[in-house]
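Here is a short report on a two-chain model.

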Amino acid sequence: MIMSEAEIPLLSLILFTPLVGVAILLFVNKHSEDTIRWIANAFAMLGFLVSVPLWFIYDTQNPGWQLVERHAWIPSIGAEYFLGIDGFSALLVLLTTMMGVIATLSSWTAITMRVKEFYVFLLTLQAGMIGAFVSLDFLLFFLFWEVMLVPMYFLIGIWGSDNRLYSAIKFFLYTLVGSVVMLLGILAVYFYSYQVTGVYTFDITQFHELNMPFDLQWWVFLAFFLGFAVKVPMFPFHTWLPDAHTDAPTAGSVILAAVLLKMGTYGFIRFSLPILPEATQHFVPMVVTLSIIGIVYGALVAMAQRDWKRLIAYSSVSHMGMVTLGLFALTPVGITGSIVQQLNHGISTGALFLLVGIVYERRHTREISEYGGLSKVMPVYAAVFLIMTMSSIGLPTLNGFIGEVLILQGIFVVNKVWAAFAATGIVLGAAYMLRLYQQTMFGEVTNPKNETLSDLSLREFCTFAPLLFLAVWIGLYPKPFLDRLETSVDHVMVRVNGDYTPRLAVLEDGQVAVDGDIRLDPLPGPVGGGAP
Amino acid sequence: MPAGFTAADFYYILPEIVLTAGALVVLLVDLLFKDRDDLTLTATLGTLLVTGVVLFSFVGVDTTASRGLLAIDGFATLFKFIFLFAAAVTVLMSSSYLKVEGVPAGEYYFLIVCATLGMMFMASGVDLITLFIGLETMAVSFYILVGFLKPNQRSNEASVKYYLLGAFSTGILLYGMSLLYAVSGSTNLGEIAAAVGAEGSSGLVILAVILVTAGMAFKIAAVPFHMWAPDVYEGAPTPITAFLSVGSKAAAFAMLLRVFVEGLPTVVADWQVFFWWLAVLTMTVGNVAAITQSNIKRMLAYSSIAHSGYVLIGVVAGTSRGWTAAMVYLVVYAFMQLGAFAVVTALRRRDVVGDELKDLSGLYSQSPLAAVAMLVFMLSLGGIPPTAGFMGKIWIFGAAIDQGFVSLAIIGVVNSAISLFYYIRVVVFMWIKDEVVGSEITIGPAMATVLCVTLVGSIVFGIYPQPIFEQALAAASTLGPAASVAALP
């Protein structure tokens, strides 16, 4: 795999901006709350602005790792400070920095106690997530992966609602068990790689070229699977999610839904599939079955919820089932769809949690039956909610549709029954979301407490504006996104399917061969030897 | 100069000589001056510091001295640094604690220095007699230190319990050592290794291994020889608990590694089995029992038992990587465990005993430094990056996976997940509960130094552990058959 060194350490800048914010916040008096809010928002915004160049700098014609930074870290065990991105991680970093701005902004009035700690944890969490997405060293990745745990634990545990301690510890222990087992998998790959190459390294790009024996792959796959499946979360490891979501403060829910859950699917795509291709194929039936159960079960349970936030949480289980299903179809279209759907889920579910947060802040209840007829008193709110509901259930012209179509198309060519189940999930999704919308927004204002609710403030609307824009953009013109994903998907496909020929192939001499037609014609062998 | 000894023999035990002289100075100061608490404190710290400085000149030395009784190698030197560090931290956190408890400081410091001296001989002894004398010097000092709070019933009970069980385990250890002598006709580890190699794993050798293992398992508080630990840890003065759980444990591991790696390398397959089971039992029982504790010192006692289990994984691995792992772990463990006990010590005030979980309530609002520090120590003990504890775990589990002990590694990681359950509970009390117990917590300069040093160590070595890794790798490479007798450099 070729690598393009970064001229300026852009990824490090993106990674450390939130941490600089944390360092500054630590020196601010905890009683000057507005100053703290301004600083936190400024650094979240700065973090986003610094990451914007990723969209423009990323070269879709370069199939290698880009913006690579590589320095010695712990030579004794071969761990390095090794950062780099491909199209997939670039998009996830952008999603993370954008959601960071939104989550920070949305907390302005919602968080009134221990304000300083709140923003410190939020920004630390931000750095952890970005770090996990840009690390090309497995140990560094794991470090960031675990760094996310503690701030999130505190966000739920300190600023959450009634059952927060229980939910926080459940979140913590579930993810922890998953990740420590994953750590063993990482170590197994590490020692195998040493046996083969004689060099101790955690270099992910080298792990991508390992051909481990099937027995070992089998074990390592299960170890990784536990770590990632808990995070996604896949049935039956999902039970922490509804609790965590329900009790988390709005910003926590938004980050959890929009970014943290993507860690799991990111892990599958970055690690499980390319490092363990044979085991991946072996486990497709298991993962697909769990995904389908997740889709249908999540949707059915969502229908039965009386708690607004819990409903959205279960819809997340169902949607993430779609994502893993598309992924494990192991077709280029399916994987592309799966990634697009990850972004979509971040946008729409993130927005839905923000929406719940706004009425919760005004009314301090999440009972769906407490609401009704809100469109009369909060018209702008109702309009935003409508668009996001449509985005979530996959209405054409909005983002959800693109993802679902790609996923269905990707699955359909592999197995029609799977596609049928996935379609069921979409139908059920429409059912519970439309019912939620109808019960809360339409009809007369039956509860007098709702009559005086104020509509979205300018600040609140600003948190939705980028999400609305993206929902429409991806819905109408997804090409820029798909272009950025092409080489990432090809990279994975080459590993899981030996016959697959990528459009951009890296030649032995490091040059890039382009063959635009090759995709239409599956017969000829790899051009120029394929990826090394 | 005694017959048969050369100047070199004295040169190589210079750190120990300095330490002994310092101990006597402390005792004299205590005898001669009034209002001597600060003076004895200074004398003790000075002694430890000078010993540390002297010890620096032995970095990189790899030889044997005193007619093959002592090995002066990287392994011993690394451990000696751990002991001195632990002793210094213990002394620093004791000063305010002793005032609250109303205990005279002089003999207390003297005994800490004596215990450290014993530990140093345990790390460098390559002869069963030297090792045993080191062990007893340390143990007897601790028997007294544990019972130092004379009016306190729990302290007295702890001391008696520790003494009786300690004497019993020492008997078992001695019995095992005598069997090794019966096999080899020597107390020198190198000669024992040769004789046992010729003998093979006969019944006599296995019996000796079992007895020696049992005797040392007592000192590292491995299950099922751990019964004393919770009671003793709870009853002892808190700084002594810290020193016991870090210094005494590290010394026992140093001795254990010496005896098994240098004395019994040929029957490695036999003792690996024992240590496999000891590791599993120790981790599991320690962690599960810790969950139910409401007393922090008892909880940390069980947690410390569990940590012995993790270090034993490194011993089980049976490779240089394994010894490295054990040493890395003991170093990072020293930082986080001493730090945790320092926070518990700081909680002790006139009106609060400060060893119940509820005493931690609202610590964050009272003393942010202590709360942040305790948070980091708990996460580090639980092995969450980016703390030093994680870097220790990486080595431990890595050593197990490397040698194919996958089930052991799995049991280990599951255990470290279980342990987070009770470590996080401490965090809940400090950070989430509001009700504050008792009077203001005051953190004096000595305590602040301790907290800062252990805190910085726990974080910095979690982000940049390279120095520890390098030292431990170098130290582990010197563990093995003894080098030839050396002359003066």
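This is a predicted model: local features need pLDDT of at least 70, side-chain atom pairs count only at pLDDT 80 or more; totals for chains, interfaces and linings use all residues.

## Chain B

Residues are numbered from 1 along each chain as its sequence is written, while chains are lettered from A and ligands numbered from 1 in the order in which they are written.

| Property of chain B | Value |
|---|---|
| Box of C-alpha atoms along the principal axes | roughly 65 × 55 × 40 Å |
| Buried share of the 489 residues | 61% |
| Share joining residues at least 24 apart, among contacts between residues at least 6 apart in sequence | 80% |

Buried means that 20 or more other C-beta atoms lie within 10 Å of a residue's own; exposed means 12 or fewer, and partly exposed is in between, with C-beta atoms placed from the backbone. Two residues are in contact if their C-beta atoms, placed from the backbone, lie within 7 Å.

Chain B holds 20 helices and two strands. These are DSSP runs, numbered from the N terminus: helices are H or I with at least four residues, strands E with at least two. Helix α7 of chain B (residues 153–184) contains B:Y181. B:Y181 has 16 C-beta neighbours inside 10 Å, so it counts as partly exposed. From B:Y181 to B:A217 is 36 residues in sequence and 20 Å in space, C-alpha to C-alpha.

## Where the chains meet

How many residues of chain A are in contact with chain B? There are 26, and they touch 24 residues of chain B. On the chain A side, α6 (138–147), α7 (149–159) and α8 (164–197) each supply at least two residues. α8(A) gives the most, with 13 residues. By class, this side has 23 nonpolar, two polar and one charged residues. Ala, Val, Leu, Ile, Met, Phe, Trp, Tyr, Cys and Pro count as nonpolar, Asp, Glu, Lys and Arg as charged, and the others, Gly among them, as polar.

α7(A) is largely enclosed by the rest of the structure, because eleven of its eleven residues are buried. Among them are A:Y153, A:F154 and A:W159.

## Domains of chain A

Chain A is assigned domain 1 (3–500) and domain 2 (501–532). The bounds come from an automatic or database domain assignment. Taken over C-alpha atoms, the centres of domain 1 of chain A and domain 2 of chain A are 32 Å apart.
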